[in-house]
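Please read them alongside the structure.

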Amino acid sequence: MGWTELHPWFAAIGLSLDMIGFVFLIAEWRQAFQQTKESEFQTELQKASGADWGKTPEEIARLVPGIRAHIETQFRARSLRFYVGASLIMTGFALQLIGSIPQPAP
């Protein structure tokens, strides 16, 4: 087998390794994304608690659902962009892989 016959296989293997690496990155990004979400909620809750504003615990408890809903809305939009982008990359990978697999000689 010469280089000409092996080249498409190297391309297919390289694309596969790229995708495996990308999946690892997606998992890490997803975990960081979730941690950021909880961190932002805690930050907003601390701002809203307003210890220096003299809010009562009851007033703070009433604010929590609104804060959580606001952050959930923001993260839902970010999640949508994340998953759409990841899906486009994976679809592109699959199409490139299909296109690079060598066809048997007739």
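**Points on the predicted model**

1. With a relative accessible area of 44%, W29 is partly exposed. The model under discussion is a predicted one, and its values should be read accordingly.

2. F22 and W29 form an edge-to-face aromatic pair, with 6.2 Å from centre to centre and 80 degrees between the planes. F22 has 13% relative accessibility and therefore counts as buried, since the cut-off for that class is under 20%. W29, at 44%, is partly exposed.

3. F22 also has other neighbours. Leaving aside residues up to four places away in sequence, F22 touches W29, A86, I89 and M90.

4. As to secondary structure, the protein has 2 helices and 0 strands. Of the contacts with a separation of 6 or more, 75% are between residues 24 or more positions apart.

5. Which residues make up the largest nonpolar core? This core has 8 residues in all, namely A12, L15, M19, F22, I26, A86, F93 and L97. Helices α1 (3-49) and α2 (57-100) each contribute at least two of its residues, and the largest share, 5 residues, comes from α1. A second, separate core holds 7 residues, including F33, I60, I67 and F75.

6. Of the 106 residues of the protein, 19% count as buried. The accessible surface comes to about 7,900 Å², and carbon and sulfur atoms account for 67% of that surface. In soluble globular proteins, nonpolar side chains tend to be buried together.

7. One of its members, L17, lies in helix α1. Is L17 buried or exposed? L17 has a relative accessible area of 55%, and so it is classed as exposed, the cut-off being over 50%.

8. The count of aromatic pairs comes to 3. Among them is the pair of F22 and W29 described above. F82 and Y83 form another edge-to-face pair, at 5.2 Å centre to centre and with 75 degrees between the planes. F82 is partly exposed, with a relative accessible area of 21%, and Y83 is likewise partly exposed, with a value of 38%.

Technical notes:
Residues numbered from 1 in each chain as written. Predicted model: local features only at pLDDT ≥ 70, side-chain atom pairs only at ≥ 80, totals over all residues. Heavy atoms only, no water. Helix = DSSP H or I, 4+ residues; strand = E, 2+ residues; numbered from the N terminus. Buried < 20%, exposed > 50% of the residue type's maximum accessible area, 1.4 Å probe, protein only. Contact = heavy atoms within 4.5 Å. Areas by Shrake-Rupley, 256 points an atom, 1.4 Å probe, with all protein chains shown as cover. Core = buried A, V, L, I, M, F, W, Y, C linked by side-chain atoms within 4.5 Å. Phe/Tyr/Trp six-rings, centres within 6.5 Å; stacked < 30°, edge-to-face > 60°.
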